[in-house]
Amino acid sequence: MTKKTILVSLIAGALTFLISLSGLFNRIDYMLTDALYQSPLVPDSNIKIIAIDEKSMNELGAYKTWSRDYYASLLKVLYEDEETAPAVTVFDLILQGNTDEKKDHQFAMEAKNAGGIVCATNMVFKDAIETNEAGEKYLNRLHTELIEYPYDELMEYSVTGFANTINDSTDSVIRDFFPTLSDGEKKVPSLALATAKVLEEKKLLTISIPDIEEKSSLMIRYTGKPGDYEVLSFSDVINGKIPKAAFKNSFIFVGAYAPGMMDAYNVPTSYSEQMYGVEIHANILESIANGRYMERTGVLIPSLVFAVVVFLFMLLAQNVSLLISGIIGLFLIALELFIGKMMSENHIYLSLVGFVICIILGYAGIIVIHYLKEIVQRRRVLKAFRQYVAPEVVESIAKKGNFELKLGGQKRDIAVLFVDIRGFTPLSEALGPEKVVEILNEYLTLTTTSIFNNYGTLDKFVGDATMAVFNSPFDLDDYVFKAVNAALDIVAGSSKIRQRALELAGCEVGFGVGVNCGDAVVGNIGCDFRMDYTAIGDTVNTAARLEANAKAGQVLVSQAVVDALEGRIEVEPVGEIPLKGKSIPLMVYELKGVK
């Protein structure tokens, strides 16, 4: 594990922490969590919406002109028969102030006779500097300036709860509700909570209401989409068009249900269609009644956990393949989604998308790192190849991208060429070191050029000897023929060097060359900190022995070479000669040319 690996992982973890903490992707996060957490169920059939809709306003007049005897008539129809009466009726309407004393009284008396009527209030807020229990000043944006209650007589015979909801500042979607708010002296329940308390008193709920009264806010888990609850037109109900039995033990919500009434809002279960406020309160009631709500928790601890997980992911992913790291990343994302879902079932909201984005970005970073490493590795390998492989071969391999060498050894059929200077010792004694190196460099240039021109691989220089292999490390067509051509090129090019040696030192020099072919073990030979790419085996040893027996200007080849190139080369038999390390003499031929 390198310092770079740890540094990259630390950076990824730190970015994850900052992204999760900042809420930078809240809008995208809500899209994910809405899809995962807001899984609509079948709405409670006991909940019914009595809608002040366009049909009702067409029959009864514009809503603002309605007198309260309409509401009195509604309660009279609903509660006239005790056997078919609803369990509770909720008015999601602000019935503030007196309009007509007689009709207001009539409505209040019907509410009294019905019992279990819940009416909406509206809380008006303003920003205010307040002092907390620790004596610290803070800005309270929910300081209650006033509460708009129903008119006094109706207040006397009904339960009230505020109808205010919370529009999310990110996308104006209603996801949260206040269970209670303070009026400065006491806690005031929300419309849904007030309704739940009425139902609890009637022993129609099994939850413990005080469990949520102390919460500042909770997330609604909607039961339905817009229009999922049974909706009945207000005018149809008061005109007796709906059988009274339909209302038995029902939870009735009365409210605006027409576009012009400005009471429709964005909700997480439907981005394309708004939901009327009366339906939202019905959903909040179900959320409370079924315990299907979530509490937002602090982001610090989840952000730290996410950061640690991404750090470990990056640490691991940099040392495994892209496929494995991708599988690990997908597993972590799936695990987080599963944990988030499980936590939501236990009333805890977990932000998800920050972690998902960081895993995706981290994986993208891993791809870039792998790509950059590959580029560096490719350049390093190609640079190494250029030292012992013909430039044309290197360029071809670079274009194809097939530049990886198999680690360790592999068995391949190859041709091996050895060449050495004859008369080098007298030459080195007659000349100064500078001139010796100069002639040696000319010789090595000749051998290397001849090898590369025939697409061979320069294996190594050993003193004044040169070793080359053909058909390794890359496949080479007609590699034995190319090897003998390289040997002939070396001999043909030696005349210039021989002439120069005569002029400088009066010494006769020449090149002895040996060529053999067969199988050998090729690969990276050595240890972890020092290795060479070379060939080993009997084929290589025989080629070396052939070169050792070659006279100046002579190219000796084995029977294997003659057999491989039968009819394509001109040779003269030299005869069987004993080779060092060989118990059986080897038939050797002198190469004269190619046909």
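Me: Which helix is the place of Val-305?
Reply: Val-305 has its place in helix α11, where helices (H or I, at least four residues) and strands (E, at least two) are DSSP runs numbered from the N terminus. This is a predicted model, in which local features need pLDDT of at least 70 and side-chain atom pairs count only at pLDDT 80 or more, while totals for chains, interfaces and linings use all residues. Residues are numbered from 1 along each chain as its sequence is written, and side-chain values use heavy atoms, with hydrogens and water left out.

Me: Is Val-305 buried, exposed or partly exposed, and why?
Reply: Val-305 counts as partly exposed because its relative accessibility is 46%; buried means under 20% relative accessible area, exposed over 50%, and partly exposed in between, with a 1.4 Å probe and protein chains only.

Me: Which residues form the nonpolar patch on the surface?
Reply: The patch is formed by Leu-21, Val-299, Leu-300, Ile-301, Leu-304 and Val-305, which together have about 530 Å² of accessible area. Helix α11 (residues 300-317) supplies the largest share, 4 residues. Patches are made of residues with over 30% relative accessible area and no salt bridge, with like charges joined within 9 Å and nonpolar side chains (Val, Leu, Ile, Met, Phe, Trp, Tyr) within 5 Å. Accessible areas come from the Shrake-Rupley method with a 1.4 Å probe, and for residues only the protein chains shown count as cover.

Me: Going inside now, which residues touch the most other members of the largest nonpolar core?
Reply: In that core of 44 residues, Leu-417, Phe-470, Val-484, Val-515, Val-557 and Val-561 touch the most other members, and helix α17 (residues 479-505) gives the most to the core, with 11 residues. A nonpolar core is a set of buried Ala, Val, Leu, Ile, Met, Phe, Trp, Tyr and Cys residues joined through side-chain atoms within 4.5 Å. A second, separate core has 37 residues, including Ala-120, Leu-199, Val-278 and Tyr-293.

Me: And what does Val-561 touch?
Reply: Leaving aside residues up to four places away in sequence, Val-561 touches Val-480, Val-484, Val-515, Asn-516, Cys-517 and Ile-569, where contact means heavy atoms within 4.5 Å.

Me: How many residues of helix α7 are buried?
Reply: In α7 (residues 191-201), 8 of the 11 residues are buried, so the helix is largely enclosed by the rest of the structure. Among the buried residues are Leu-191, Thr-195 and Leu-199. Lys-203, which follows α7, has a positive phi, near 60°.

Me: Switching to the open sheet, what is the strand order?
Reply: The 5 strands run in the order β6-β7-β10-β15-β16, with mixed pairing, and two strands pair if DSSP finds at least two bridges between them. The edge strands, each pairing on one side only, are β6 (166-167) and β16 (348-349). Strand β15 (residues 293-296) runs parallel to β16 and is joined to it by 2 bridges; Arg-296 has Tyr-349 in β16 as its bridge partner.

Me: Next, salt bridges: how many does the count come to?
Reply: The count comes to 23 salt bridges, taking a salt bridge as a side-chain nitrogen of Lys or Arg within 4 Å of a carboxyl oxygen of Asp or Glu. One of them joins the side chains of Arg-175 and Asp-34, at 2.8 Å from N to O. Because Arg-175 lies in strand β7 (residues 174-177) and Asp-34 in helix α2 (residues 26-37), the pair ties together parts that are 141 residues apart in sequence.

Me: Are Arg-175 and Asp-34 buried or exposed?
Reply: Arg-175 is buried, with a relative accessible area of 0%, and Asp-34 also counts as buried, at 5%.

Me: What about Glu-438, which residue does it form a salt bridge with?
Reply: Glu-438 forms a salt bridge with Lys-435, with the closest N and O atoms 3.8 Å apart. Both lie in helix α16 (residues 433-453), 3 residues apart, so about one helical turn separates them. Glu-438 is partly exposed at 30% relative accessibility, and Lys-435 is partly exposed with a relative accessible area of 36%.

Me: Last topic, where is Glu-576 and what does it touch?
Reply: Glu-576 is in strand β23 (residues 569-577) and is exposed, with a relative accessible area of 57%. Not counting residues up to four places away in sequence, Glu-576 touches Pro-585, Leu-586 and Met-587. The C-alpha atoms of Glu-576 and Val-588 are separated by 6.0 Å, although the two residues are 12 apart along the chain.
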